[in-house]
Amino acid sequence: PPMAVFAHNIETVRRMTPTGRDRRASYDQSLEVLRYAKEIAPNKLTKSSIMIGLGETTEEVEETLHDLRGVGVDVVTLG
């Protein structure tokens with residue numbers, strides 16, 4: 001069956017990316033992956049996930065959600 005949802009996790013807020021995830025993946029790189037996925041398949045759902053409770057602020061979470069929406073992400077899960 002065809003893919004229903006393209007998922008790529010941003011994992012955490014920008015400030016915490018260097019310590020909160022693998023150094024081979026940057027915050028901006030993840031945004032670009034999600035943007036490109038939506039560009040090449042605009043009718044497919046895109047999804048990302050953020051871990052909460054690692055020391056981020058409410059404002060940083062809001063900024064991340066805004067960034068994800070800005071690249072066309074349709075679904076976000078919080079862990």
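# Close-up views of a predicted model

**View 1. R14, D28 and D67 are linked in a network of salt bridges.** A salt bridge here is a side-chain nitrogen of Lys or Arg within 4 Å of a carboxyl oxygen of Asp or Glu. This is a predicted model, where local features need pLDDT of at least 70, side-chain atom pairs count only at pLDDT 80 or more, and totals for chains, interfaces and linings use all residues. Residues are numbered from 1 along each chain as its sequence is written, and side-chain values use heavy atoms, with hydrogens and water left out.

**View 2. E60 and R15 join up in a salt bridge.** Here the N to O distance is 2.6 Å. E60 lies in helix α3 (residues 58-70) and R15 in the loop between β1 and α1, so the two tie together parts that are 45 residues apart in sequence. Is E60 buried or exposed? E60 is buried, with a relative accessible area of 12%.

View 3. How many salt bridges does the count come to? The count comes to seven.

**View 4. Eight residues make up the largest nonpolar core.** They are I10, Y27, L31, L34, I50, L68, V71 and V73. Helix α2 (residues 27-40) gives the most to this core, with three residues. A nonpolar core means a set of buried Ala, Val, Leu, Ile, Met, Phe, Trp, Tyr and Cys residues joined through side-chain atoms within 4.5 Å. In soluble globular proteins, nonpolar side chains tend to be buried together. Take L31 as a spot to look at: leaving out residues up to four places away in sequence, L31 touches I10, R14, D67, L68 and V71. Touching, or contact, means heavy atoms within 4.5 Å.

**View 5. Helices α2 and α3 cross at roughly 35°.** Their axes come within 9 Å. Axes are lines fitted to C-alpha atoms, for helices over the stretch in contact, and angles run from 0 to 180 degrees between N-to-C directions. On the α2 side, the contact is made by Y27, L31 and L34; on the α3 side, by E63, T64, D67 and L68. What kinds of residues are these? They divide into four nonpolar, one polar and two charged.

**View 6. K38 is a buried lysine in helix α2.** Its relative accessibility is 14%. Setting aside neighbours within four places in sequence, K38 is in contact with K44, L45, T46, V71, G72 and D74.

**View 7. A4 is exposed, in the segment before β1.** A4 has 58% relative accessibility. Which residues does A4 touch, not counting those up to four places away in sequence? A4 touches K44 and L45.

**View 8. E56 is found in the loop between β2 (45-50) and α3.** E56 is buried, with a relative accessible area of 15%. Apart from neighbours within four places in sequence, E56 is in contact with V13, R15, M16, M51 and V61. The side chain of E56 also reaches two backbone nitrogens: that of G53 at 2.6 Å and that of L54 at 3.0 Å.

How values were computed
Buried < 20%, exposed > 50% of the residue type's maximum accessible area, 1.4 Å probe, protein only. Helix = DSSP H or I, 4+ residues; strand = E, 2+ residues; numbered from the N terminus. Nonpolar A, V, L, I, M, F, W, Y, C, P; charged D, E, K, R; others polar. Polar contact = N/O pair within 3.5 Å; in protein donor to acceptor, adjacent residues only side chain to side chain.
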